[in-house]
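Subject: Structure handover

Hello,

Here is the structure I promised to pass on. My notes follow below it.

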There are 2 protein chains.
Amino acid sequence: MPAPRAVPSAPSDLPVLRDPAGLPTLPPIAEPGQPWQTIDTPALVLVLDAFERNLQRMQQAADRAGVALRPHAKAHKCPDIALAQMTRGAVGICCQKVSEALPFLRAGVADIHISNEIAGPAKAMLLARMARHARISVCVDAVVQVRALAEAAEREQSGLTVLVELDIGQGRCGVADADAALRLAERIAAQPRLSFGGLQAYHGGIQHVRDHAARREAAARAAERAGAVAARLAAAGAPCQVVTGGGSGSVEFDLASGVFTEIQPGSYVFMDGDYGSNEGVAASGLDGGMDSGSAAEALRFEHSLFIATTVMSTAAHGQVVVDAGLKSMAVDSGLPWIWERDSGERAGGQFGGGRRSTRLAYVAANDEHGIVRPVPGAGGEMPALPQLGEPLWLVPGHCDPTLNLYDTLVGVRDGKVESLWPISARGLSR
Amino acid sequence: MPAPRAVPSAPSDLPVLRDPAGLPTLPPIAEPGQPWQTIDTPALVLVLDAFERNLQRMQQAADRAGVALRPHAKAHKCPDIALAQMTRGAVGICCQKVSEALPFLRAGVADIHISNEIAGPAKAMLLARMARHARISVCVDAVVQVRALAEAAEREQSGLTVLVELDIGQGRCGVADADAALRLAERIAAQPRLSFGGLQAYHGGIQHVRDHAARREAAARAAERAGAVAARLAAAGAPCQVVTGGGSGSVEFDLASGVFTEIQPGSYVFMDGDYGSNEGVAASGLDGGMDSGSAAEALRFEHSLFIATTVMSTAAHGQVVVDAGLKSMAVDSGLPWIWERDSGERAGGQFGGGRRSTRLAYVAANDEHGIVRPVPGAGGEMPALPQLGEPLWLVPGHCDPTLNLYDTLVGVRDGKVESLWPISARGLSR
């Protein structure tokens, strides 16, 4: 048995750095041109071909429907992505928080909708300050919020567009009915520095209804509710310039609803395990996807976002441990999938191709460890486990809070690093 | 029904910022001297009195047992806290990842143990580079890791202390038995730039066994396993200078085990909802805590870490919505508690006093929203809900990944902001 080690007890015992000059710094996570296999891990990786096809598909669908696309930047928090969306025709972006909007404003995005209520004078003031430089809109569901926005806009000598949030069944924020919406619209219109912009009507729960027909039905009911209130407001002399809402799970129905003038999907850029479990949303994965049907018949998106991880321990029997855990992924919507990249033949040789592994499963997450086990085949045969040091790619269960953990998004094309995009709005939840 | 809005389709339609000079920047989350009620939210708040008592209690317990305290910095990721721990007598810190250690090294912490295996040449190289400035140790559970460390230390002309990780029942990383440990110890000792430091024996699962007696029993079995292997190594001529392990849930038993020369608890600094649910760990909360028994009889810790949040919507019936959701807290170990601060009479007027609310519950988290509902009393009476704009404090379910979401820790004493500490290692998982 080893003897207990002596314990220092005074501040004077603090060890002192040898040669404090020339301390090492953290090397960049990757360099352009580097093969994907050598990216330091954990890393958040974007497969650029799949990403660009996702952007294109959503924009084309919105254009065909004559509905404005205002993608939600809470999903990516990345100005490079916002500019890629706007270059393709997006009218602006949504942010969920006031502080989140700042890096986008700085990058030149001049039309930002805060798709949320705000509380506290600091936030209203910052918003009104931003409105001196760009078109800023925000939601309300209470009179006191209208007053706070009016005061801040007056103080900053700027103008804010204010939308009334309508609860279309989610039971979170938003007024309950047309009477309440009209009262708020009138209060907004009465303020010289505010203008009534219309309605926000978003139902988060619908996005994750797995069955396609059930999701269509739920989206139709929600849109009807929004449409009826918009009609009441118009009849009462408060027409809605904008009815905004919809997410990546409901957008195919929202575009066709005739109610929404604007959609605000976010996750379609990436897809994630949760959206990949919806019937008829993923273009790849377990259900076959794009190459098993006609691309024209459905609005589907590809998995473009992955966590690159490395096998760091193989000491225990029947499992391996990877270096990506709770600090490298959000697990609120389930543990990540393991992704099997195509060898190149499938999907026209596009690097983004692949599918959810049926041979390996990520079964538990600790802070900085993930446990990966083999999944027995139909005949009971046990697949081989990856080797120590081998790279694996994971599909996170929920993309938004996963992006919020990383500072850099590593863009990969044809198996090589192409871009390093800062996730500038990471951590900006105020 | 509003008419669909025209959709821009060309890059030339990108809106342009009005007056791009003088764009607003994000104000600091708080200023020293500011009352706690006006901290912008969501914010991560540390009640300094409770925090300092936690540090003191753990150090005194380690000193009494003659065991070294090497707190785990993965819990706080904050150099100011590491220095506060070392000033009180900690021998150094643990980090879970190589990159995580860098901000601590930069702050002057000159004795850092990486309590984990590492994979890939980039990490070994960075570690060997760090070892030119400080005492650095790391774990292995495979020969290939020993080789990679030896090569990196040779290339950097530095020396690394290497511990063999032993699996004492967790089934994650670590060799299974004394034979495997001895083989690795010999491989380490054979490398001129590596020195065999001893054993790491950590069992994460034990930390969360709720029942006090069951936790004691599990900790004893795990320590026995570590002790037996250490004895075998000593008998074979490879004595362990250090046997390191133990966490905030098992530390009272580990200190008394006679096996561990060093403990590496992390969460005791803060406590969280998960540890607060362990019998006999929290000094406050539902079970009465310190003031209902003798402080001397048990090693207990106070809740010092809170998420300050604000009620942002009260539009829906029977609930309120707060501005802290999945991006402001980790939910892997459950949703946060709502904290009822003492009015001042209890706990000697110490501001850190309070308990888990029995009247309000945080029942659901979205990305940036939390739903708070009243909990009916025993007689069925329904407690009042907080008002729009009212501040609330939450206790996160799991402190480590929650700290990893924030850039600043706001220190509060006597109801006023005292310190703003950067969480410098946030996001450093490589």
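Start with A:Met271. This residue is buried, at 0% relative accessible area. (Buried means under 20% relative accessible area, exposed over 50%, partly exposed in between, with a 1.4 Å probe and protein chains only.) A:Met271 sits in the loop between β9 (262-263) and α9 (273-276) of chain A. Helices (H or I, at least four residues) and strands (E, at least two) are DSSP runs, numbered from the N terminus. A:Met271 is not a glycine, yet its phi is positive, about 65 degrees.

Some ground rules. This is a predicted model, in which local features need pLDDT of at least 70 and side-chain atom pairs count only at pLDDT 80 or more, while totals for chains, interfaces and linings use all residues. Residues are numbered from 1 along each chain as its sequence is written, chains are lettered from A and ligands numbered from 1 in the order in which they are written, and side-chain values use heavy atoms, with hydrogens and water left out.

**The two copies**

Chain A can be laid on chain B with an RMSD of 0.0 Å. The same surface serves both: 100% of the contact residues of chain A recur in chain B. The superposition is by least squares on the C-alpha atoms of residues with pLDDT of at least 70 in both copies. Contact means heavy atoms within 4.5 Å.

**Chain A as a whole**

Chain A has ten helices and 18 strands. Its radius of gyration is 24 Å, close to the 22 Å that the globule rule gives for 430 residues, so chain A is as compact as a globular protein of that length. (The radius is taken over C-alpha atoms; the rule is 2.2 Å times the number of residues to the power 0.38.) Along the principal axes, the C-alpha atoms of chain A fill a box of roughly 80 × 65 × 40 Å.

Buried residues make up 60% of the 430 in chain A. Among contacts in chain A with a separation of 6 or more, 68% join residues 24 or more positions apart.

On charge, chain A has 39 positive and 46 negative side chains. The centres of the two sets lie 4 Å apart. Lys and Arg count as positive, Asp and Glu as negative; His and the chain ends are not counted. Each charge is placed at NZ of Lys, CZ of Arg, CG of Asp or CD of Glu.

**Backbone points**

The peptide bond from A:Thr41 to A:Pro42 is cis, with omega near -5 degrees. A:Pro42 lies in the segment before β1 (43-47) of chain A. In chain B, the bond from B:Thr41 to B:Pro42 is cis, again with omega near -5 degrees.

B:Lys77 has a positive phi, near 55 degrees, and is a residue other than glycine. Look for B:Lys77 in the loop between β2 (68-69) and α2 (79-87) of chain B. B:Lys77 counts as buried, at 0% relative accessibility.

**Residues to click on**

- A:Thr402 is in helix α10 (residues 399-403) of chain A. It counts as buried, at 0% relative accessibility. Not counting residues up to four places away in sequence, A:Thr402 touches A:Leu44, A:Ile307, A:Ser328, A:Met329, A:Ala330 and A:Pro396.
- A:Ile423 follows strand β18 (416-422) of chain A. It is buried, at 3% relative accessible area. Beyond its neighbours within four places in sequence, the contacts of A:Ile423 include A:Leu44, A:His76, A:Lys77 and A:Tyr406.
- B:Ala238 is in the loop between α7 (212-235) and β8 (242-245) of chain B. It counts as buried, at 11% relative accessibility. Leaving aside neighbours within four places in sequence, B:Ala238 is in contact with B:Leu182, B:Ala185, B:Phe196 and B:Leu233.
- B:Arg221 is in helix α7 of chain B. It is partly exposed, at 47% relative accessible area. B:Arg221 and B:Ala148 are 73 residues apart in sequence and 33 Å apart in space, C-alpha to C-alpha.

Best wishes
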